[in-house]
Amino acid sequence: MNKYMDVNIIVDDILQDSKEIERLVVLAKLLGYDTIAFTTFNPHNIKLVREKAISLSRTYDIDIIVRLSLYTHEIQVLKRMLRRYRRYVELIGVYCASDKVTNFAAKDHSCLLYTSPSPRDLSTSRMPSSA
């Protein structure tokens, strides 16, 4: 059987629904995935997402990483966010909101660059702009 990885589950809207998150993990496991990314757009959710990831990883014997997605036009804001949150997540996604942000993030090997629009309407994002 082939092994696959990188199922990305955006957990912000279902974070309080443990059964739904568990159902998605079980489905990924049944489909043969080895690794799942639990993604949050809200840095304040990291601790809860980590706790769920650790628990479900142990229960279902599947690797679950925590990914934080960031969106900013300002390089200084991005630097501050990276310093603050890097140690709490395995991967950080950065939306290329400006050329400066794109160039800076491209040099940081722990950042995943998003070149397409966010899957969310970023004008209504719940992530604080000065995290």
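In which sense do strand β3 and strand β4 pair, and over how many bridges? Strand β3, residues 63-72, and strand β4, residues 91-96, pair in the parallel sense over six bridges. Before I go on, the conventions. This is a predicted model, so to speak of local features we need pLDDT of at least 70, side-chain atom pairs count only at pLDDT 80 or more, and totals for chains, interfaces and linings use all residues. Residues are numbered from 1 along each chain as its sequence is written, and side-chain values use heavy atoms, with hydrogens and water left out.

Strands count as paired if DSSP finds at least two bridges between them. Helices (H or I, at least four residues) and strands (E, at least two) are DSSP runs numbered from the N terminus.

Back to the sheet. S69 stands opposite G93 in β4. From β3 the chain passes through helix α3, residues 75-85, to β4, and this β-α-β crossover is right-handed; that is, with the strands pointing away from the viewer, the path from the first strand over the helix to the second runs clockwise. On to β5, residues 111-114: four bridges join β4 to this strand, and the two run parallel. Here G93 has L112 as its bridge partner.

Next, the core. A nonpolar core is a set of buried Ala, Val, Leu, Ile, Met, Phe, Trp, Tyr and Cys residues joined through side-chain atoms within 4.5 Å. Buried means under 20% relative accessible area, exposed over 50%, and partly exposed in between, with a 1.4 Å probe and protein chains only. The largest core has 30 residues, of which I36, F38 and I64 touch the most other members. Its largest share, five residues, comes from α3. Leaving aside neighbours within four places in sequence, F38 is in contact (heavy atoms within 4.5 Å) with residues including I9, V25, L56 and I64.

Last, charges. With a salt bridge taken as a side-chain nitrogen of Lys or Arg within 4 Å of a carboxyl oxygen of Asp or Glu, the count is three. E20 and R23 meet at 2.8 Å, N to O, both in helix α1 and three residues apart. R50 and E90 have their closest N and O atoms 3.2 Å apart. R50 lies in helix α2 and E90 in the loop between α3 and β4, so this pair ties together parts 40 residues apart in sequence. R86 bridges to D108 at 2.8 Å. R86 is partly exposed at 34% relative accessibility, whereas D108, at 13%, counts as buried.
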